[in-house]
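Thanks for making the time this morning.

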Amino acid sequence: MSAAPHSSTVPSWLVRPDDANALAEAVWPVSAVRDEHGVLEVGGVAATALREGFGTPLYVLDEDEVRARAARTLAAFRAAAASHGVAARVYYAGKAFLATEVVRWVMDEGLAVDVCTSGELAVALAAGADPARLGFHGNNKSVRELEQAVSAGIGSIVIDSWIELERLSAIVERLDATQAVLLRVNSGVHAETHDFLATAHEDQKFGFTLEDAPAAVARIRELDGLDFVGLHCHIGSQIFGTAGFRESAARVVELHADLLAGGEIPVLNLGGGFGIAYTSVDDPTPIEELAQGIADAVAQECDVRGIPMPNLAFEPGRAIVGPAGITLYEVGTTKSVHLDHDLTRLYVSVDGGMSDNARPALYGAQYSARLASRTSDAEPALARVVGLHCESGDIVVDAEYLPGDVAPGDLLAVPATGAYCFSLASNYNWVPRPPVVAVRGGTARVIVRGETISDLLSRDAGVEADSEGNA
Ligand SMILES: *Cc1c(COP(=O)(O)O)cnc(C)c1O
């Protein structure tokens, strides 16, 4: 769903379900089922067993789902590119969810990985990633970060500004290295969910305007240590349909064509942003259709200009990990609030909130939820799932129908939390960040340990350590 303010009554898209226990196919991992007792199971592991083993709140990542999505996405872009006689590379956008295990899964499936800070780079390298299969982007990479990336032998760096261009050139000269670089451009197309906006200049912090790009590319080509390999563009996130990508590709290919006068350009990187389903009414475009639509648009623009089709690169994050993750919470309290129009809203408070999922508070993101420890025949009630933080905007699921008898001790699962939840998590109200557990074939294992109160206290310089150095 598009970003919407928290609804005062029932949002128009929300449909009262016949069965408030049903798991909508597009929103849950393929492995999500209910066992014979009605308990939710993911990757063959029961939600109740996960609570017992790891506590709540708990991020649960379905390894097979991540792998399958990575493989399917790569196959889709490769097939679409191959239909026009070129190759495609797919970078997993690490910022969606980054841990060494996930880097290994996606690289194992043939993807490259995109990072945008030295922290993300460190995680990728700690996973044993081949640096040649890493890309580095971002609008304010420090001298230190660029040095680290160049020294590590990173595959490519996306130059975002004039200052960075000269900064990187000096570093490369000092390190006596040669670095493949792309140039980030603003196509003037900004896409969000179902619509896109096309302007002459996009009013945002990333990249070069289409007008300034030729001078920047000419400068890169002048410098011995920098090897210009192509343009880079990323138009937004959670995008449905191909229209925004096609419009953007048309604009960027025009620039790409003009730049060919100065030399070959092997790659065109069109970024990520492919949308996923967060609620049962979301209907994301299948990745194969997106890939073919974008590749066809690039091919058509190249044809018109009589230029060779470049190899393509893409950077999906959310579409790889988003639907593979669920968050498990335990219900602590409930209360009914009488609204206007004979309407009652059931507030369901869980043991997490905006510290483990900032997206609803940050931009009104919509989610769905289901009872995970049991099913219920109780009448579906209009519910709002809220967290434990001291903010009324601390909402996990703004509007959902849950069985009306939801009660303290019940487990609640929120699907489609694999992307931008763990990576945006905070310690607000000094709540320790939950662990991340990977499930596969009936077993669960911790891939990121949860924080403890001692972890939090250990950073407070005013807390006296005991003889063992523990806070
Ligand atoms: C965030 C980002 C992505 C990934 O976006 P998703 O919506 O997760 O696919 C890709 N490329 C760049 C440059 C980004 O900033």
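Let me begin with a question: where is W430 found? In this model, which is a predicted one, W430 sits in the loop between strand 21 and strand 22, and its phi is near 50°, a positive value in a residue other than glycine. W430 counts as exposed, because its relative accessible area is 54% and the cut-off for that class is over 50%.

Y420 is found in the loop between strand 21 (411-415) and strand 22 (436-440), and its phi, near 60°, is again a positive value in a residue other than glycine. Y420, however, counts as buried, because its relative accessibility is 11%, where buried means under 20%.

The domain assignment gives domain 1 as 2-62 + 323-458 and domain 2 as 112-319, with 13 residues from domain 1 and nine residues from domain 2 taking part in the contact. The two domains bury about 1100 Å² between them, 67% of it on carbon and sulfur atoms, and on the domain 1 side W13, P323 and Y420 lose the most area to domain 2, together 32% of what that side buries. Between domain 1 and domain 2 the count of salt bridges is zero.

Two local points remain. T56 and P57 are joined by a cis peptide bond, with omega about -10°, and P57 lies in the loop between helix 1 (47-54) and strand 4 (58-62). On the surface, L362, Y363 and L424 form a nonpolar patch with about 270 Å² of accessible area together, and Y363 belongs to helix 11, residues 359-363.

Key:
Residues are numbered from 1 along each chain as its sequence is written. This is a predicted model: local features need pLDDT of at least 70, side-chain atom pairs count only at pLDDT 80 or more; totals for chains, interfaces and linings use all residues. Side-chain values use heavy atoms; hydrogens and water are left out. Patches are made of residues with over 30% relative accessible area and no salt bridge: like charges are joined within 9 Å, nonpolar side chains (Val, Leu, Ile, Met, Phe, Trp, Tyr) within 5 Å. Accessible areas come from the Shrake-Rupley method with a 1.4 Å probe; for residues, only the protein chains shown count as cover. A salt bridge is a side-chain nitrogen of Lys or Arg within 4 Å of a carboxyl oxygen of Asp or Glu. Helices (H or I, at least four residues) and strands (E, at least two) are DSSP runs, numbered from the N terminus. Domain bounds come from an automatic or database domain assignment. Contact means heavy atoms within 4.5 Å. Buried area is the accessible area (1.4 Å probe) that two parts lose on being put together, summed over both. Buried means under 20% relative accessible area, exposed over 50%, partly exposed in between (1.4 Å probe, protein chains only).
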